[in-house]
Amino acid sequence: MVQLSAGPELKGPGTPEATWARCPELAGLPAWQPALPPTGRVIVVAPHPDDEVFGIGGTAARLRSEGAQLELVAVTDGERSHPGQEDHLRTVRPQETLAAAGRLGLTFGPIYRLQHPDGEVDEHLLESQLVKIAAAGDLVLAPWSRDGHPDHDVVGRASERAAMRVGATLMQYLVWAWHWATPEDLPWGRAQRVDFPNLADRKRDAAACFASQITGDPAILPPHVRSRLLRSFEVLLRA
């Protein structure tokens, strides 16, 4: 995940997980029971390779266990997370996604690799691409349009418009918002919680596949960031 200068600060320690653990709004969220959409298709939209696991992997795994056909829209290849290693990362990061998906029990078919430039997602092109992929009655899982990373916000806005145009249901997941936001910043009235205690260990195991992001000095996703993304539940926002 390349961290750009625009928007909220994505470096530093961020909001401690202990703050979120004490948050009454988070603890009191209504449960959302993942269920098959009318078409049986679930479109997972990932700005970068790893968002489909860190952001929404537990929910996707529950939907897969219900028989959903999972399709992955890989918007970028995440090649700019480490400057100077673009060619290497363009190959490695999609491979990490496949390895992680296998550990979590996710079977994506097909995978749409759109190869937008990392850090320069074309919002209007992406919207037109998503309109051709999604259909009425599908469930689209995409990042929140105020997640705080520029690519995530662009992907979130494009997904909102595309889902509305085709008549798909949209649910939005959080990744970087857990870092920059405080409990007062989140739209709790739109939020629901998906618990998966029996899958939490598998999600953590899957996350270990993203060596390009969790190792190195500094790591793109150090332990204090991962602690907010590897809970035994995920939060989704209704569009």
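Predicted model: local features only at pLDDT ≥ 70, side-chain atom pairs only at ≥ 80, totals over all residues.
Strands of a sheet pair through backbone hydrogen bonds, either parallel or antiparallel. Strand β1 (residues 41-46) and strand β2 (residues 69-76) pair in the parallel sense, over six bridges. Ile43 stands opposite Glu71 in β2.

Two aromatic pairs were found. The ring centres of Trp20 and Trp178 are 4.9 Å apart, and their planes stand at 90 degrees. An angle over 60 degrees counts as edge-to-face, so this is the class of the Trp20 and Trp178 pair. Trp20 belongs to helix α1 (residues 17-21) and Trp178 to helix α8 (residues 177-180). The pair thus links parts of the chain 158 residues apart. Both Trp20 and Trp178 are buried.

Phe54 and Phe210 form a tilted pair, with 5.6 Å from centre to centre and 40 degrees between the planes. Phe54 lies in helix α3 (residues 51-54), and Phe210 in the loop between α9 (200-207) and α10 (211-214). They are 156 residues apart. Phe54 counts as buried because its relative accessibility is 1%. Phe210 is buried too, at 0%.

Charged side chains also meet rings. Arg231 lies over the face of Trp178, 4.2 Å from the ring centre. The charged end of Arg193 sits over the ring of Phe233, at 3.7 Å from its centre.

Conventions
Residues numbered from 1 in each chain as written. Heavy atoms only, no water. Pairing = 2+ DSSP bridges. Helix = DSSP H or I, 4+ residues; strand = E, 2+ residues; numbered from the N terminus. Phe/Tyr/Trp six-rings, centres within 6.5 Å; stacked < 30°, edge-to-face > 60°. Buried < 20%, exposed > 50% of the residue type's maximum accessible area, 1.4 Å probe, protein only. Lys NZ or Arg CZ within 6 Å of the ring centre and 35° of its normal.
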